[in-house]
Amino acid sequence: MDPKQRNVLALAVIAMLVGLAWWQFWPPDQQITQGLDIQGGLSVILTAQETTQTLVTDDVMDRAELIVRNRVDRLGASEASIQRQGSDSILVQLPGISNAEDALAALGTTGQLEIRAVEGVDATGTPIVGDVLMTGEYITDASLSTDPTTGQIEVNVNFNAEGTRLWAEITTARVGQQIAIVLDGVVQSAPVVQEPITGGQTRITGDFTPEEAQQLRTVLETGALPVTLEFSESRVVGPTLGQDSLRQGVLAVAMGLALVMVYMALYYRAFGVLSWLSLAVFASLFLGLLAVLSSFGWFALSLPGIAGITLTVGLAADSSILMFERFKEEVRLGKTFRSAAKSGTRHAIGTSLDADLVTFVSALVLYTVAIGPVRGFALTLMMGVAIDLTVAILFTRTIIVMLAESVVPKVPGLFGMRGADSDA
Amino acid sequence: MRRIKVDFMGFRWWFLGFSALLMIVSAGAMGIRGLQFGIEFQGGTVVSFSEAEGVALADMRSSFESHGVASPQVQSTEDGGFIVRTTESDPDAANETYRAVVEELGLPADAGDVTTIGPGWGRNITNAALLALTLSVAAILLYTSLRFEYKMAGTAVVALVHDVVLTLGVYALVGREVTPNTIAAVLTFMGYSLYDTIVVFHRIRENSQRLVKQTFMSMANDSINQVLMRSINTSITSLIPPLAMLLFGGETLKDFAFALVIGLLSGVYSSVGVASPIYAMWKEREPKFQALKKRYQQAS
């Protein structure tokens with residue numbers, strides 16, 4: 001393939017990519033998933049607390065994640081996302097949730113139900129609990145009812161076959177004795193067994209509000225967490241605030257882009273206008289990539305992500321600048337426009353590669369090591385670097401080489417240069 | 001064609017002296033005033049209200065206090081909102097307080113953003129930040145050592161440390177909070193600062209291969225001048241977007257932008273005023289370049 005054909009091919013590839021990108025990302029507010037800090041909702045990081053009895057292993061975390069997932073499903077949150085973070089944490093994101101407190105309570109409760117023997121009462125009348133007779137692992141489902149006489153809300157639980165048998169044994173052996181129903185170490189009630197219960201069910205009574213009873217039901221039905229999870233980070237964002245932030249973010253990106261464009265045109269004249277095209281291609285491919293990743297559920301645009309995008313606008317302009325400067329310099333040194341364009345852009349891409357790689361490595365370290373929202377910043381920064389190099393090699397370089405062979409020699413002043421001969 | 005020639009290397013002791021002064025002031029600011037770390041590092045709650053029309057700062061404070069929050073830190077933002085910091089590390093309680101405050105002040109329930117960080121999490125965040133900084137510097141050192149020579153790598157890192165210390169010094173001076181976003185911004189401008197240094201070093205290396213009738217110092221000075229316009233231009237285009245974020249962005253973007261703007265400015269300066277002179281002075285001690293220096297010192 002001769003160089004001309006190669007140039008045409010490079011431009012064709014870019015045109016196709018830009019077309020694909022627009023097809024993917026338009027309209028951007030629907031095609032690019034918005035992160036929680038933008039669309040509003042609840043985002044929590046739950047961290048497993050290791051104790052001497054329960055070690056935080058992968059297996060334990062898998063079970064904990066499954067239970068958290070089940071509880072989230074019951075909260076009725078659509079489009080919830082649950083991810084493992086590091087070795088001991090789970091990130092839960094619930095977009096558009098209205099009642100953060102209920103969700104927090106349902107997620108953070110361990111939900112360990114125990115039926116224990118009672119060995120008497122202390123001075124205040126509180127039962128002193130003894131051995132664990134049975135745990136909540138046999139519960140199949142739970143329902144709520146209201147005691148018609150006291151008006152108290154009760155949680156009725158049903159056991160599976162094995163639980164039913166165990167429960168029958170316990171109640172048969174302890175008729176007339178007190179037993180305690182303990183949830184996460186707190187005695188909920190300590191009834192006296194009236195008669196053997198063989199139907200595989202029991203009632204938990206306590207001073208529950210309707211919300212608390214509903215949470216208890218969720219927690220009992222989804223099972224106890226194998227390990228205590230504590231909130232490490234919780235963020236509740238109102239949708240209004242999020243949309244305000246998005247508007248400010250888009251304004252910042254747009255202003256950054258516009259000012260860079262003005263500066264490029266003022267300083268580099270026609271080349272500056274060429275850099276507008278490069279920036280437009282860069283922006284299109286970036287949005288296209290974000291839309292594609294969004295459609296796979298691998299990306300959600302957060303505010304730190306917007307910061308990363310804004311920053312890469314400068315990066316994209318930088319690689320154009322390096323090429324223009326090197327080209328002009330080689331022309332000054334007496335090379336023909338044609339060969340200056342070829343070797344100049346090649347040298348400049350080498351420099352860009354060095355500089356971009358450094359930024360990429362910093363971003364990669366940040367992405368790998370950091371926890372929390374900052375990773376969104378690292379991610380967009382890495383994407384920006386990759387797209388910048390693609391655009392520089394396929395688009396900007398090709399155009400410079402093509403212009404150097406056609407337009408530049410005729411009107412060098414337009415490109416901020418004198419003719420090659422006069423400058424030699 | 002614009003041809004600028006500035007005798008940067010002639011001013012090298014001024015640059016180095018100025019930088020030394022900046023370092024002393026920065027270290028002093030950090031030592032005396034200390035850095036203020038965000039709740040991400042120590043646990044607690046931040047409530048931000050985007051807008052709170054008709055609510056006075058004192059009302060906001062007393063409303064939090066009346067709902068059981070001891071000594072909340074209340075700060076108003078430029079856009080007419082508030083940022084309230086408390087030591088509450090239980091998200092349930094923090095959100096309950098938020099709801100009560102919003103109701104009492106008659107604000108819409110979705111006007112705010114409640115972030116709570118648990119007490120143990122800060123250690124993780126701090127460790128991650130330190131690890132990221134260490135790994136980044138190590139990676140940069142390794143990369144520049146492989147790509148260039150160790151003297152270039154060493155001086156490039158000196159310039160980076162200069163930029164980081166200066167930025168943190170400014171944070172200490174103005175009392176701005178250091179957050180994980182600040183750390184991310186620091187990691188990023190380190191890359192950019194290195195970019196400028198690399199551009200100069202690239203040129204010095206290229207020129208040193210055909211070094212004749214000139215001292216290393218004056219060749220280095222020529223190299224800086226040759227790449228000066230592109231250094232200035234790439235720096236300006238790199239600076240514009242963070243400036244736009246600082247002017248138009250919300251709190252999160254400003255968080256990134258503040259450190260970036262200082263770091264980028266420092267980076268432009270340090271590649272010319274710190275990295276290049278130290279490198280050139282180091283190189284001039286090599287016998288080969290010492291000979292050149294003896295012969296051409298007068299001529300240059």
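Leaving aside neighbours within four places in sequence, A:A378 is in contact with A:A363, A:L366, A:Y367, A:A370 and B:A184. The questions below concern a predicted model.

User: Which residues have the most contacts inside the largest nonpolar core?
Analyst: In this predicted model, the largest nonpolar core has 212 residues, and helix 8 of chain A gives the largest share of this core, 20 residues. A:A378 is in contact with A:L366, among others, and also with B:A184 of the other chain. The residues with the most contacts inside the core are A:L366 and A:A378.

User: Which helix supplies the largest share of the side of chain A that touches chain B?
Analyst: The contact takes 64 residues from chain A and 60 residues from chain B. Several elements of chain A each supply at least two residues of the side that touches chain B, including strand 1 (41-48), helix 5 (100-108), strand 11 (229-237) and helix 8 (239-295). The largest share of that side, 15 residues, comes from helix 8 of chain A.

User: What is the bridge partner of A:E233 in strand 5 of chain B?
Analyst: Strand 11 of chain A pairs with strand 5 (residues 112-117) of chain B in the antiparallel sense, and five bridges are found over this pairing. Within strand 5 of chain B, the bridge partner of A:E233 is B:I117.

User: Why is chain B described as more spread out than a compact globule?
Analyst: The secondary structure of chain B comes to ten helices and six strands. For 300 residues the globule rule gives 19 Å, and the radius of gyration of chain B is well over this, so chain B is more spread out than a compact globule, with a radius of gyration of 24 Å.

User: How far apart do the C-alpha centres of the two domains of chain B lie?
Analyst: Chain B is divided into domain 1 (9-38 + 122-296) and domain 2 (44-118), and its C-alpha atoms fill a box of roughly 80 × 40 × 30 Å, taken along the principal axes. The C-alpha centres of domain 1 of chain B and domain 2 of chain B lie apart by 40 Å.

User: How far apart do the C-alpha centres of domain 1 of chain A and domain 3 of chain A lie?
Analyst: Chain A is divided into domain 1 (3-36 + 238-423), domain 2 (37-109 + 229-235) and domain 3 (113-210). Between domain 1 of chain A and domain 3 of chain A, the C-alpha centres lie apart by 66 Å.

User: Which residues form the covered face of strand 4 of chain B?
Analyst: In a regular strand the side chains alternate between the two faces of the sheet. Strand 4 (residues 82-86) of chain B has an uncovered face of B:I83 and B:R85, while B:F49 stands opposite B:F82 and B:V74 has B:V84 as its bridge partner. The covered face of strand 4 of chain B consists of B:F82, B:V84 and B:T86.

User: Which residue takes a positive phi in the hairpin of strand 3 and strand 4 of chain B?
Analyst: Strand 3 (residues 73-76) of chain B pairs with strand 4 of chain B in the antiparallel sense over four bridges. The hairpin has five residues between the strands, and the residue with a positive phi, near 80°, is B:G80.

How values were computed:
Residues numbered from 1 in each chain as written. Chains lettered and ligands numbered in written order. Predicted model: local features only at pLDDT ≥ 70, side-chain atom pairs only at ≥ 80, totals over all residues. Domains from an automatic or database assignment. Rg over C-alpha atoms; globule rule 2.2 N^0.38 Å. Contact = placed C-beta atoms within 7 Å. Pairing = 2+ DSSP bridges. Core = buried A, V, L, I, M, F, W, Y, C linked by C-beta atoms within 7 Å. Buried ≥ 20, exposed ≤ 12 C-beta atoms within 10 Å, placed from the backbone.
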